[in-house]
Amino acid sequence: MTAQALATAADLIDAPLIYKGKVRELYDLGEHFLIVVTDRISAFDYVLDPPVPHKGEVLNRLSAYWFGETKHLIDNHVVHIDVDQLGDIVRDREALRNRIMVTRKAERIDMECVVRGYITGGGWRQYEQTGEVNGIALPQGLRKNGAFPQPIFTPAAKNDVGHDEDISFEQMQQQVGEELAIQLRDKSIELYEFARKQCLQHDIILADCKFEFGLIDGKLILIDEIFTPDSSRFWAKSNYALDIEIDSMDKEPVRTYLAGTDWDKNSQPDPLPADVVQATADRYLAIYEKLTGSKLS
């Protein structure tokens with residue numbers, strides 16, 4: 001597949017742009033929001049050049065897929081994902097096809113709700129230093145990438161600038177209230193367990209993931225994105241092993257490339273080579289096809 005990568009939709013939409021994240025752009029349609037998922041890619045808190053073809057389509061369509069699969073567990077913010085329903089708001093429908101989501105307006109809860117089924121990544125680094133993850137004391141002698149007997153909930157307070165801040169569940173309760181914190185924890189774990197079983201049917205391990213939630217008229221709903229390579233850590237079951245760095249099914253080619261350069265991580269890096277961009281695009285397309293059983297069209 002070949003396609004023109006989309007770096008921004010700002011010149012394609014006649015509606016106010018109210019937020020521009022590293023990947024997503026949020027436009028105000030009045031009653032609803034319009035989310036456009038671009039092909040921008042970030043690493044180490046920098047948005048990189050060039051964008052990765054198809055990445056935004058994969059993220060948007062995977063989220064739409066999982067919102068549909070999980071709506072029996074919790075309501076979500078999706079109104080529709082059909083660019084043709086937007087009419088004259090959009091100047092080039094084909095450029096935005098498969099990468100838009102019209103959503104209800106929710107009051108965002110400023111928490112990243114992270115569920116870990118395996119001790120890896122940032123959780124492993126915390127454990128090595130303290131024997132804990134987000135204030136949860138863990139047994140001695142755990143091995144990197146080992147599965148927890150039960151998934152653990154490790155929230156982070158959201159920061160729109162810079163890194164989110166890992167906090168304990170008790171701190172979360174203080175910030176959002178005990179009842180809502182319990183609801184967020186229990187619903188996050190339920191969603192993770194559901195998706196982990198589905199992923200295993202496709203020989204994929206869902207190591208960890210994060211969710212965002214909002215409130216509409218006091219009702220908890222799921223927002224943003226779910227179970228995408230940008231919000232979840234997927235491992236091919238055939239690659240699973242203890243005590244190693246497992247190659248995750250996401251933008252790993254970008255991270256590997258940057259780690260092998262002399263980039264100081266304190267300045268904008270040089271543009272990515274074409275082969276790294278293509279390898280990353282292939283990763284996103286592959287995880288979409290594996291999880292949904294269909295090709296991006």
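This is a predicted model: local features need pLDDT of at least 70, side-chain atom pairs count only at pLDDT 80 or more; totals for chains, interfaces and linings use all residues.
Numbering runs from 1 along each chain as its sequence is written, and side-chain values use heavy atoms, with hydrogens and water left out.

**Overall shape**

- The chain has 7 helices and 17 strands, taken as DSSP runs numbered from the N terminus (H or I of at least four residues for helices, E of at least two for strands).
- Its radius of gyration is 19 Å, which agrees with the value near 19 Å for a compact globule of 297 residues; that figure is taken over C-alpha atoms, and the globule rule is 2.2 Å times the number of residues to the power 0.38.
- Along the principal axes, the C-alpha atoms fill a box of roughly 60 × 50 × 40 Å.
- Some 51% of the 297 residues count as buried, meaning under 20% relative accessible area with a 1.4 Å probe, protein chains only.
- Of the contacts (heavy atoms within 4.5 Å) with a separation of 6 or more, 65% involve residues 24 or more positions apart.

**Nonpolar cores**

- A nonpolar core here is a set of buried Ala, Val, Leu, Ile, Met, Phe, Trp, Tyr and Cys residues joined through side-chain atoms within 4.5 Å.
- The largest one has 53 residues, and W66, M172, F211, F213, F227 and F234 touch the most other members.
- Helix α5 (residues 178–200) supplies the largest share of this core, at 8 residues.
- Apart from it sits another core of 14 residues, including L6, L12, L86 and V102.

- F213 belongs to strand β15 (residues 204–216) and counts as buried because its relative accessibility is 1%.
- Beyond four places in sequence, the contacts of F213 include I74, R108, C113, L184 and L222.
- F213 and A106 are 107 residues apart in sequence, yet their C-alpha atoms are 8.6 Å apart in space.
- With neighbours within four places again left aside, F211 is in contact with residues including M111, V115, Y192, I226 and F227.

**Helix α3**

- In α3 (residues 121–130), G121, G123, W124, Q126 and Y127 are buried.
- Cover for those buried residues includes β9 (111–118), β10 (132–133), β14 (165–166) and β17 (232–236).
- Just after α3, G131 takes a positive phi of about 75°.

Note on methods. Buried means under 20% relative accessible area, exposed over 50%, partly exposed in between (1.4 Å probe, protein chains only).
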